[in-house]
Amino acid sequence: MTCHLVALCFDANDPLGLARFWAGVLGWEPADDPQDGITLLPSDDTGFRIRFLPTQQQKVGQNQMHFDLTSTSLEDQQQTVARSLELGARHIDVGQRPEEGHVVLADPEGNEFCVIEPDNKFLADCGFIGALASDGSQEVGYFWSEALGWPLVWDQDQETAIRSPHGGPKITWGGPPLMPKTGKYRLHFDLAPPADGDQQAEVDRLISLGATRVDIGQGEVGWVVMADPDGHEFCVLTPR
């Protein structure tokens, strides 16, 4: 029995401000979060929530994961960019070429995201959040496919992608070369066993797939901090 993806978590210097930004961009609604963060609930088939957790650490380097937001037309793409800029985003250069049709932006805390051009075939059947594009190896794509029970929908030239059988965004990994790790990542997944599952059994299963337990100074908490085969942190919560 596999765990499910509960949330994508952002470490945020201003959780409320960052939550307001993404609520405005995505059209999602905030909800109470029992773990001292702020949560947005999806208004579409995304299937997981977004949590914003307080941190004093400043962002260093490029994030390992970022959103690819889709567009239905050039006008729609321009409107998403304009709305994002009005809410506090800015244009950034991550080495994209002028002929590429997507627009690269950063949110108010510097977290990168892309607004993808219309007629992108890879994301054609996806919603507004088309993909969570990640830096990672082919091995880690296989790991997350097994960890979540999501089938591979792309596996070519060491690039992989998975997607929930219920729809929602794809999670993609671009293959080598991988970015050097500069400390704890600012984005991580929260997983949980189903309500009738067992946290320790799930931890053991993930270890058998290639994950490791890690200590990031979390102390005595109810969740287990782990890292996938590429060293990306994630948390296993209690069953729910």
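Predicted model: local features only at pLDDT ≥ 70, side-chain atom pairs only at ≥ 80, totals over all residues.
1. Over residues 125-239 the chain is 19% helix and 31% strand. The end C-alpha atoms of that stretch are 31 Å apart.

2. E6 runs antiparallel to strand E7 (residues 103-106), and two bridges join them. Arginine 90 has alanine 106 in E7 as its bridge partner.

3. Strands E1, E3 and E4. Strand E1 (residues 4-12) runs parallel to E4, with six bridges between them. Aspartate 11 stands opposite leucine 53 of E4. E3 also pairs with E4, in the antiparallel sense and over three bridges. There, leucine 40 has isoleucine 50 in E4 as its bridge partner. In general, strands of a sheet pair through backbone hydrogen bonds, either parallel or antiparallel.

4. The core. The largest nonpolar core has 47 residues. Trp22, Phe67, Trp144, Phe189 and Phe234 have the most contacts inside it. Helix H1 (residues 15-26) gives the largest share of this core, seven residues.

5. Tryptophan 22. Which residues does tryptophan 22 touch, not counting those up to four places away in sequence? They are Phe10, Gly27, Leu40, Phe52, Phe67, Asp107 and Phe113. One of these, Phe67, is also among the core residues with the most contacts.

6. Aspartate 44. This residue lies in the loop between strand E3 (38-41) and strand E4 (49-54). Is aspartate 44 buried, exposed or partly exposed? Aspartate 44 counts as partly exposed because its relative accessibility is 34%, and that class lies between the cut-offs of under 20% for buried and over 50% for exposed. Its side chain makes a polar contact of 2.5 Å with the side chain of threonine 46. Aspartate 44 and glycine 127 are 83 residues apart in sequence. In space, their C-alpha atoms are 7.7 Å apart.

How values were computed: Residues numbered from 1 in each chain as written. Heavy atoms only, no water. Helix = DSSP H or I, 4+ residues; strand = E, 2+ residues; numbered from the N terminus. Core = buried A, V, L, I, M, F, W, Y, C linked by side-chain atoms within 4.5 Å. Buried < 20%, exposed > 50% of the residue type's maximum accessible area, 1.4 Å probe, protein only. Contact = heavy atoms within 4.5 Å. Polar contact = N/O pair within 3.5 Å; in protein donor to acceptor, adjacent residues only side chain to side chain. Pairing = 2+ DSSP bridges.
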